[in-house]
Amino acid sequence: MRSKRIAWFALFMALAMVVAACSSDSGDTTTTEGDTTTTVAAETTTTEAMETTTTAAGGDTTTTTVPVVRADADLVIWADDTRTPVIQVFADRFAEENGITVAVQELGFQDIRDRLVTAGPAGEGPDIIIGAHDWLGQLVSAGVVAPLDLSSVEGNFSEAAVQAFNYEGAIYGLPYAVENIALVRNTDLAPDSPATFEDLVDNALALQADGTITLPLALQENGNGDPFHNYPIVTAFGGYVFGTNADGSYNPEDIGIDSDGGLAAAEYFGELSDQGVISIDTLYDVMIESFSTGQSPYAITGPWALNAFDEAGVNYVVEPIPSVNGGDPRPFIGVQGFMVSSFAENPLFASTFVLDFMATEEAQAALFEAGGRPPAHTAAFDAVAADNPNVKGFGEAGQNGYPMPAIPEMGSVWQAWTDAYALIFTGTDPAQAFTDAADQIRTLIAEG
Amino acid sequence: MSDRNPADGDDASTDSVSTAEGRGDQTPRPSRASAGMPTWGLVLKLLVLAAVNGAFLAGLPTMLENQWWTGLAVAAMAVILLDWAYLTKKNIPAKYLVPGTIFALAFQVVPVVYSGYISLTNSSISHRLSEQQAIDNLTSRVSNVPGTTLYQLAILDDDGELAFYLIDDTDEDFLGTTEGLEPLTDDRVETDADGDVIAVDDFVVLGLGDLADRQDEVLALEVPTDDGAIRATTFSSAAVYESLYSYDEATGLLTNNDTGVVYEPIEGQFTAADGSTLDPGWQIFIGFDNYVRVFTNDAIRGPFLQVLIWNYVFAIGSVALTFGVGLALAIALNHPGMRGQKIYRALLVIPYALPSFMTALVWAGMLNQEFGVINKLLGADIPWLRDPTLAKVSVLMVNTWLGFPYMFLVCTGALQAIPDEMKEASYVDGASPRQTFRRIVMPMLMIAVAPLLIASFAFNFNNFNVIYLLNQGGPPIEGAATPAGHTDILISYTYRLAFESGSGAQWGFASAIAVLIFLMVASVSAISFRRTRALEEIV
C-alpha cells in the first residue's frame with residue numbers, strides 16, 4: 001500500500017517537472033527564473049507595450065493580492081519595492097526633524113496608479129506617490145493628482161524631465177529618473193561602433209552567416225510587435241505617433257503612423273524581418289538571453305536590462321542608436337517622479353517632503369543607486385555619469401528623444417500599432433498594415 | 001439538488017433541528033444534553049454566530065465613519081436575520097434558507113444589480129468624482145505667476161490666527177496676513193541665540209509638528225498682492241499664485257481666469273461653447289446612453305459579428321470537446337476489466353489540478369513558433385498561434401486539455417451511479433451495447449450532466465483567462481475597424497475597448513456590455529434548462 005503511494009507521488013512529481021521543464025525550454029516566463037526577470041521588467045517599464053508581456057506573466061500579481069489601506073501616519077508615501085528602502089531613509093529623517101509620523105507603503109509599480117484612482121477619492125489614498133510621467137493623462141483626468149510648483153528647484157533639473165511632467169500647462173511631479181532605450185553593443189563580437197544602422201545590419205548579418213551568432217539584433221518584439229522599442233527607427237524615417245502643437249504638447253488629431261515617414265519605416269521593418277535581422281519571437285527573456293550568451297552582438301534596450309548583462313559577464317557598451325536611412329533615431333523618454341495626491345490628507349507635508357527632501361542631489365543619487373536609472377537632477381546625473389559610462393550612454397541616447405505622450409489618446413495607440421507590427425512580421429503588406437492601424441486609432445479616438 | 005436530500009445539512013444545523021424537535025415534548029435527548037451541557041453542535045453554532053456578529057461589530061465604526069448607511073442597513077439586516085434564524089427554536093425552514101439566500105444575494109444578485117446600476121451612469125476614469133469634488137479639483141488649480149518672487153517662509157500664530165513671515169530674494173522680510181504684505185523692521189522680529197526667528201510682534205513661529213492638524217488653514221491663507229496671492233508652497237517656502245479657474249455658485253459656471261473662457265456643466269463635465277471639455281468630470285445618470293452606444297458605435301460594430309460568431313463556436317466547441325473527451329475516457333476507465341484504473345484517473349485529473357492561469361501561459365510558450373517545445377519536437381515551423389485558423393484550433397485544443405478532466409470526473413461519477421441492473425435488463429431484452437448506451441446510459445447520464453454542460457457553456461462563453469493568456473485574442477484581424485483578433489471573444493474584445501483604449505477605464509460602458517453578455521448567456525441557459533427538464537420527464 002505504502003509503496004503504491006510513493007509510486008504515485010513520484011509519478012506526479014515527474015510530471016510536474018516535465019511541465020516546468022517545457023516552460024523554461026520555450027522561453028516562457030512562468031518559471032522561477034523567469035519570475036525574477038519579469039519583476040524587473042514590470043517595475044522598470046513605463047510603457048503599456050511592455051506591460052502586455054510582463055503583466056501576463058504575473059508581473060503585478062506579487063502585490064495585487066494584498067489590500068492596501070492608507071497607513072496610520074501624518075504623511076503616507078506609496079512607492080515600489082526598488083525605491084521604498086531609499087525613500088524610507090529620507091522619510092525617517094523628515095519624520096524625526098519635524099516630529100511627525102511618516103509611512104512608506106510598498107506596492108507594485110503599476111498598482112500605484114490603479115490604486116490611487118480608486119483609493120484617492122475614497123479617502124484611503126496616500127499623500128505622495130512615485131510614478132511615471134505618462135500616467136498623467138489618466139491621473140489628471142481622474143482628478144487625483146495636484147499641481148506641484150517646482151519654481152524653487154527646477155533650475156537643478158533637466159528641462160526635458162521637468163517638461164515631461166507638464167500636463168495641460170501645469171506641472172504635476174518632481175522628476176527623479178529619466179529612462180530611454182539605447183544601443184547595447186557586445187564589444188567582443190562587434191568591437192567598432194557602427195557609423196550607421198545599415199552598417200550595423202551588414203555586420204550582424206555577416207556574423208550570422210559565418211555562424212558566430214544566431215540573432216543579428218536583439219530588439220524586443222514580445223511575440224507580436226513592440227511599438228515602444230521600434231519607435232526610434234520609425235522616427236528616423238520621419239514617422240511619429242502624434243504631431244505636436246505650437247506649445248510642444250501632443251496633438252491627438254495628427255496621427256503620423258501613416259505619414260510618408262511612417263509608411264517608409266513600415267517597409268523597412270518588413271525588410272528587417274524578411275532578412276531575419278529582427279524576429280517577432282524576441283520576447284524580453286529571449287532578448288536578455290541572446291545578448292547575454294553572445295548569440296546577439298547588438299541589443300536595443302533600456303537600463304533595466306543591464307543587471308542581467310552584468311551577471312552574465314558579457315562585455316558591452318551603451319551608445320546612441322546610429323542613424324537609420326540618414327535620419328536620427330529618437331527614442332521615447334520615460335520620466336519617473338514624485339506626485340502629490342489631490343486627496344492628500346496633509347498636502348503641505350507632502351510638498352515640503354518632495355521639494356525639500358527629494359529634490360536634493362543626495363536623494364536623487366540614492367534613488368539612482370537603487371534603481372539604476374539616470375537621475376533627473378543635473379548635478380546628480382553629471383556625478384553619476386562621470387564614472388558610469390552606461391549612464392552616460394543612455395543619457396546621450398535620450399538627448400534628442402521625445403517624452404512618451406501622456407495624453408489619454410495614447411491608450412488607443414498601443415494595441416492597434418502592436419497588431420500592425422504583428423501583421424507585418426507575418427507577411428502582410430507593411431504600408432497597408434500601418435494605414436489600417438492609423439485608421440483604427442482614429443476610430444477609437446473618435447469613439448472615445 | 002438539495003431538494004432531493006433535505007437531510008444533508010452540516011452537524012450544527014442537524015443538531016439544532018433535533019433540539020428544536022425535542023422541545024415539543026419537553027424531553028431533551030437524554031444521552032448528551034442530560035445535565036444541561038451544551039452539545040458540540042451547539043457550541044459550534046454559537047461560535048460561528050459570534051464570529052458573524054463580531055465581524056459586523058468590527059466593521060460598524062468604519063461604516064459609521066464613512067456614513068455608509070445602505071451598507072450598514074444591509075449588513076445589520078443580514079446579521080439580525082441570521083441570529084433570528086439560529087437563536088430561536090422555531091423557523092426550521094429559515095435555518096436552511098437564510099444563509100443560502102444571503103449568499104445568493106451577496107454574490108449573485110448584488111453584482112448583477114450593481115453592474116446594471118453602473119451601466120446607467122457615465123462612470124469612467126474621468127467621471128468618478130462627485131460634482132463637488134470635481135469643482136474643488138478645478139478651482140484648486142493654481143499656477144505660479146511668472147517673474148514673481150519666491151519667498152522663504154515661516155508660519156506664525158497669534159491665538160489661532162495664522163500669518164506668514166516671509167523673506168524675499170533680496171533678504172528683505174515681510175509680514176503677510178490676509179490684509180496684505182507689510183515690510184518688517186528688525187525691532188519687531190525676535191530671534192533666538194542661533195539667529196533663528198522665533199516671534200514677530202505677538203505672533204510666534206510654529207514648527208511643522210504644531211501644524212499637523214492645521215494644514216487646511218495654512219493652505220487657505222492667501223496674502224493679496226498686486227500680482228496675485230502669496231500662498232504657501234511648502235512649510236518653508238511661498239510664492240505668488242493665481243487661480244486658474246473661478247467658480248460661480250449662483251450660476252454654476254466655471255471661468256478660466258487666464259483666457260476668460262466660460263464653461264457650463266453639461267452631462268457631467270464642464271463644457272465650453274466650442275465643445276471643449278475640462279477633466280475631471282463627475283458621475284451622473286445617463287439612462288440608456290451606454291446601451292445605445294454599444295449598438296451604434298462604429299468601433300464595436302466593425303468586427304462585432306465575427307467576434308460574436310467565434311464566441312459561440314468557442315463556447316459550444318469547448319463544451320462539446322471537453323465533454324466528448326471526458327466521457328470517452330470515463331467510459332473506457334469505467335470498464336470493469338480495466339487495470340490500473342486509479343492511476344489513470346489520478347493522472348487524468350492533473351490538468352484540472354493545475355491552475356489554468358499558469359498552464360495557459362505554459363501552453364502559450366509551448367506553442368511559440370520559433371522557440372516552442374512542440375515545434376521543436378516535431379521539427380516543424382507551424383504557426384500555431386499566428387495563423388488565424390490554427391490559432392482557433394490551438395485555443396480550442398488548449399481549452400479542451402484544461403477542461404476535459406472536469407467532464408471526466410463528472411461523467412465517471414454519473415456512470416457509476418447508473419445501476420448495473422438497468423444495463424443487464426437491456427441486454428436480457430436483446431439490446432446491443434450501442435443501443436444500451438444510446439437508449440439507457442446516455443439519457444440517464446444527461447440528467448446528471450446536462451445542467452453542468454449548461455454551466456460549462458456559460459463559463460466558457462466568458463472564458464477570458466484562456467483567450468487572453470494564451471494569445472491575447474490574436475492573431476490580429478487584418479483591416480478591422482478597431483483592433484480585434486481572430487480568437488477574441490466578446491469579453492476579451494470589449495475589455496480592450498473599455499479599458500485599454502480611449503481615456504482608460506470606462507466602467508459605465510463596460511457594465512453595459514457586461515449586462516448584455518449576461519442577458520445572452522442567461523437566455524441560452526434558461527432555454528437549455530427548460531429542455532433539460534423535459535429530459536428528466538422521459539425517464
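The mean pLDDT of chain A, a predicted model, is 84, and 85% of the residues score at least 70, pLDDT being the predictor's confidence in each residue, from 0 to 100. Over residues 9-66 of chain A the pLDDT is below 50, although this stretch has 107 contacts in the model beyond near neighbours in sequence, a contact meaning heavy atoms within 4.5 Å. Where pLDDT is low, the predicted coordinates should not be read in detail. Local features need pLDDT of at least 70, side-chain atom pairs count only at pLDDT 80 or more, and totals for chains, interfaces and linings use all residues. Residues are numbered from 1 along each chain as its sequence is written, chains are lettered from A and ligands numbered from 1 in the order in which they are written, and side-chain values use heavy atoms, with hydrogens and water left out.

An open sheet of 4 strands in chain A, with mixed pairing, has the order E9-E12-E8-E13 (strands are DSSP runs of at least two residues, helices H or I runs of at least four, numbered from the N terminus; two strands pair if DSSP finds at least two bridges between them). Strands E9 (217-219) and E13 (316-319) of chain A stand at the edges, each with a single partner strand, so one side of each has no neighbour in the sheet. E9(A) pairs with strand E12 (residues 298-301) of chain A in the parallel sense over 3 bridges, and Ala218(A) stands opposite Ala299(A) in E12(A).

Helix H10 (residues 227-236) and helix H11 (residues 260-274) of chain A pack with their axes 9 Å apart, and Asn230(A), Ile233(A) and Val234(A) in H10(A) meet Ala265(A), Tyr268(A), Phe269(A) and Leu272(A) in H11(A).

Note on methods. Axes fitted to C-alpha atoms, helices over the stretch in contact; angles between N-to-C directions.
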